[in-house]
Amino acid sequence: MSNQRAGWSRRQLLGALGVTMLGAPALARAQSDRPIKFILPVGVGSGVDTITRSAGPALSAALGHTVVVENQPGAGGIVGTSALVRSAPDGYTLSMLSNNHVIFPSVYKSLPFDPLTDITPISMVGMTPFLVVANPKQIAAGNLKELTALLSREPGRYNYASSGNGTILHLAAEMYVQQAGVKARHIPYKGVGPMMADLIGGQVDFGVLSLPSVLPQIKSGALKALAACGGERMAALPDLPTAREQGLENYEIGGWFAAAGPGKLPAADVRRIYDALGRAFNSPEVKQAMAAQNNRILLMPPEQTAAYFRSEMAKYAVVVRGAGLELM
């Protein structure tokens, strides 16, 4: 009986070894077929969502895995970013972050994560141009210089709209007000849609918006473009001078988007994903999609991206302090 048990033990061992060997290729295939998830801390249809989904097929090809987009909006982006931070640093969970990520520390009393150390910046990917716009019936100004002169003559009479307290559109307009040395009342809205409706309706006077969201209203004449907010003119509106060209030498802001992973993502994975992003966003189909959306591709290596995050965090902290914004 003892010998029989020993025989069975050997057969079981050999059987187990056979199963393990037969299962190895299947396990490898399962690993290669595992999708890469992009957790987006924004809603479906937002700028970052549209960008990521447009690049999805090219990203899948470049990364060698199917890319799946998972939207987790909420609390200004904190919900989705918290999910990213809690993910395993194995290269299978990534995100596309925006300016809001580095604004968090300036507008929230506490956060469930550290915006710098709890993520791994992989690459700045691109920029969505911003511009200063005004209701032509409310603002008798043809450019930013004239708007500044108007606000200087009548401090506090005019107001500017934003998509909400502490949002990038709020800080972009506030940065203009501070650098121009003028006074204007801030009127916050709950999102870009209501902000745009009241700008067109004349309930508010001016504001900063992204080019993709406002270009149709500029072409129709419902809103007037006064300045490009970036460092160079926009291809869609080549005759519109930048704020710098109009005297605000330090004014430059836009809606950037950058790829990141959880904290402590291994350097080899960071480099591999960065290289794949370069291949995807330099592909003809993604370049065409970004141009159609009036977005600019602006890839940066990981180290430069991490430094950019730090500099942007410091920039927005100065604007928030100047605005006297109460922490949420």
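A polar contact is a pair of N or O atoms within 3.5 Å. In this predicted model, that definition applies to the side chains of N295 and T128, which make a polar contact of 2.7 Å. The side chain of N295 also takes part in a polar contact of 3.1 Å with the side chain of Q293. Where in the chain is N295 placed? N295 belongs to the loop between helix 10 (284-292) and strand 10 (296-297). Its relative accessible area is 10%, and a residue counts as buried when this value is under 20%, so N295 is buried. Apart from neighbours within four places in sequence, the residues in contact with N295 are I51, M127, T128, P129, P212, F257 and M290.

Together with G230, E232 and R296, M127 and P129 lie nearest the centre of the second largest pocket, which is lined by 24 residues. Strand 4, strand 9 and helix 11 (302-323) are the elements that give two or more residues to this lining. Strand 4 provides the largest share, namely four residues. The space in the second largest pocket is about 460 Å³. Its lining consists of 12 nonpolar, six polar and six charged residues.

The largest pocket holds about 1000 Å³ of space. It is lined by 44 residues, and those nearest its centre are V42, S46, G47, N100 and I168. Several elements each supply at least two residues of this lining, among them helix 2 (47-63), strand 4 (119-134), helix 8 (211-220) and strand 9 (254-262). Which classes of residue form the lining of the largest pocket? There are 20 nonpolar and 23 polar residues, with one charged residue.

After helix 8 comes G221, which has a positive phi, near 90°.

The discussion now turns to charged pairs. How many salt bridges does a search of the whole structure find? The search finds nine. In one of them, D90 pairs with R34, and the closest N and O atoms are 3.2 Å apart. This pair links distant parts of the chain: D90 lies in the loop between helix 3 (78-86) and strand 3 (93-98), while R34 lies in the loop between helix 1 (2-32) and strand 1 (36-40), 56 residues apart. D90 is partly exposed, with a relative accessible area of 26%, and R34 is partly exposed at 32%.

Another salt bridge joins the side chains of K37 and E70, at 3.7 Å from N to O. Here too distant parts of the chain are linked, with K37 in strand 1 and E70 in strand 2 (residues 67-71), 33 residues apart. K37 has a relative accessible area of 28% and is partly exposed; E70, at 28%, is likewise partly exposed.

A further salt bridge is formed by R272 and D269, whose closest N and O atoms are 3.0 Å apart. R272 and D269 both lie in helix 9 (residues 267-281), separated by three residues, about one turn of the helix. R272 is partly exposed, with a relative accessible area of 33%, whereas D269 is buried, with a value of 17%.

Terms used:
Residues numbered from 1 in each chain as written. Predicted model: local features only at pLDDT ≥ 70, side-chain atom pairs only at ≥ 80, totals over all residues. Heavy atoms only, no water. Buried < 20%, exposed > 50% of the residue type's maximum accessible area, 1.4 Å probe, protein only. Polar contact = N/O pair within 3.5 Å; in protein donor to acceptor, adjacent residues only side chain to side chain. Contact = heavy atoms within 4.5 Å. 1 Å grid on protein atoms, 1.4 Å probe; cavity = no way out; pocket = protein on both sides within 12 Å on 5 of 7 lines; lining within 4 Å. Points joined across faces, edges and corners; volume = space filled by probe spheres on them. Nonpolar A, V, L, I, M, F, W, Y, C, P; charged D, E, K, R; others polar. Salt bridge = Lys/Arg side-chain N within 4 Å of Asp/Glu carboxyl O.
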